[in-house]
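Subject: Structure for your review

Dear colleague,

Please find below the structure that I am handing over to you.

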Amino acid sequence: MPENFESFIQQHRGAFEEPGPSPRVWDALERELEGGRKGSVVSMLGKNWFKAAVIAVLLVNAAVLFYFAKHKQQQQQDLAVVIPEMQDAKVYYSNRINEKLELINAYPAEELGLDSAARQELQLRNDTYKTLENELKNNPGNQRIRGAMIRYYQLKLELLDKILEELHEKHAAPTTHTKKQYEAEI
Amino acid sequence: MKASANNLNQTQLDGNVIDRCKRGDVRAFRELYNAYAAAMYNICLRMTGNVSDAEDTLQEAFIQVHRNIGKLEREASVTAWIKRIVVNHCLNNLRKKKVYFEEVEEVEVAEEAGIDEDSFTWTVSAVKSAIHGLPQGYRTVLNLYLFEEYSHREIADMMGITESTVKTQYMRAKEKVRQIVKQQNLIR
């Protein structure tokens, strides 16, 4: 019985199928999946860097608060005097942090993609900062609190630097003025 | 095992394989791969035309399946979902090789009015060989329509060309296959 092209294909559909792929496909796939699992955190950071950055801030804050809860009983009431080095550090870091925040805030909110809570968390004087500041006032000579405060400043600076770098790479700079400022920064 | 994507029966998979895949279970993913690899490989082979490219494309497609399986909402549609990923990978790889689908219209196929199909014999090997010899654009349209059973509209959307172009290319591809098979009949 004569057949036309389409009906021939339909009637012999199975004969057009070849055996499956060689085992090398699964082997390569498995290696890729294993590698992908190891690199999944890095990959996640790459794709969702901003969310990851905010999460990092929250984690740092949580870690600092935990640190205080754990070591509070060890704290000694030191002399209630202002330590000059801490005052200098506060001025130095606050200025640098505020400069970077100014650059970040110059970007439109839609480019930042952060809600108000996340933006608040990026600010210098967030809840963690205030807690540290109070602790420092009450225990000005306590080495642990001073160390935690400095570390807080440093981590915040590192995070803001990272955010600025990413913003610079991904978006056009907001204004000529701030672009120049940013370029001077890096 | 030979299995076409259209005949794939999802009962080959345990009910919870997809759930386990979503939880990152590599053994479950292996089960999923085993169930679909042959059918999807055949799609790749038809689309790319050679074993090496077909295997590479299959691997890339399954990496994407693995990455995105968490987004699969309706498990009943897993076959169509995987097949679409595979086909899209094939088309993307063809585009990377600078295959411009819209240009295949320009390939001349001399139409032989009323080829008498009764006068020659269709064989699987002759048809396979004829399809393999088609220009890439014709072959893509013909494979997607005839073997993967996508509609002209779906093919047009996937390839980024108009539906009428798809129809024209399909008709010409069919004509070309007829001519090649007829010539093979004459040679024998």
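This is a predicted model: local features need pLDDT of at least 70, side-chain atom pairs count only at pLDDT 80 or more; totals for chains, interfaces and linings use all residues.

The interface between the chains

On the side of chain A, 28 residues are in contact with chain B, and 38 residues of chain B take part in return. The size of an interface is often given as the accessible area lost when the parts come together. Here chain A and chain B bury about 3200 Å² between them, and 64% of that area lies on carbon and sulfur atoms. A:Phe5, A:Glu17 and A:Trp26 deserve a look, as together they supply 23% of the area that chain A buries against chain B, more than any other three residues.

Charged and polar pairs

Between chain A and chain B there are 5 salt bridges, while the count over all chains is 15. In one salt bridge, A:Glu18 pairs with B:Lys128, and the closest N and O atoms are 2.7 Å apart. In another, the side chains of A:Glu6 and B:Lys174 meet at 3.0 Å, N to O. This second pair runs from helix α1 of chain A, which holds A:Glu6, to helix α8 (residues 163–187) of chain B, which holds B:Lys174.

Polar contacts also link the two chains: 10 residue pairs are counted, with both residues at pLDDT 80 or more. Turning to the elements involved, α1 (5–11) and α2 (23–38) of chain A each supply at least two residues of the side of chain A that touches chain B. The largest share of that side, 9 residues, comes from α2(A). Sorted by class, the side of chain A that touches chain B has 13 nonpolar, 6 polar and 9 charged residues.

Two helices within chain B

How do helices α2 and α6 of chain B pack, and at what angle? Helix α2 (residues 26–48) and helix α6 (residues 136–147) of chain B meet at about 150 degrees, with their axes 8 Å apart. Because the angle is over 145 degrees, α2(B) counts as roughly antiparallel to α6(B). From α2(B), the contact is made by B:Arg46, B:Met47 and B:Thr48. From α6(B), the residues in this contact are B:Gln136, B:Arg139, B:Thr140, B:Asn143, B:Leu144 and B:Phe147. By class, the contact of these two helices has 3 nonpolar, 4 polar and 2 charged residues.

Yours sincerely,

A colleague

Key. Residues are numbered from 1 along each chain as its sequence is written. Chains are lettered from A and ligands numbered from 1 in the order in which they are written. Side-chain values use heavy atoms; hydrogens and water are left out. Contact means heavy atoms within 4.5 Å. Buried area is the accessible area (1.4 Å probe) that two parts lose on being put together, summed over both. A salt bridge is a side-chain nitrogen of Lys or Arg within 4 Å of a carboxyl oxygen of Asp or Glu. A polar contact is a pair of N or O atoms within 3.5 Å; within protein, one must be able to donate a hydrogen and the other to accept it, and residues adjacent in sequence count only if both atoms are side-chain atoms. Helices (H or I, at least four residues) and strands (E, at least two) are DSSP runs, numbered from the N terminus. Ala, Val, Leu, Ile, Met, Phe, Trp, Tyr, Cys and Pro count as nonpolar, Asp, Glu, Lys and Arg as charged, and the others, Gly among them, as polar. Axes are lines fitted to C-alpha atoms, for helices over the stretch in contact, and angles run from 0 to 180 degrees between N-to-C directions. Angles under 35 degrees count as roughly parallel, over 145 as roughly antiparallel, 65 to 115 as roughly perpendicular and the rest as oblique.
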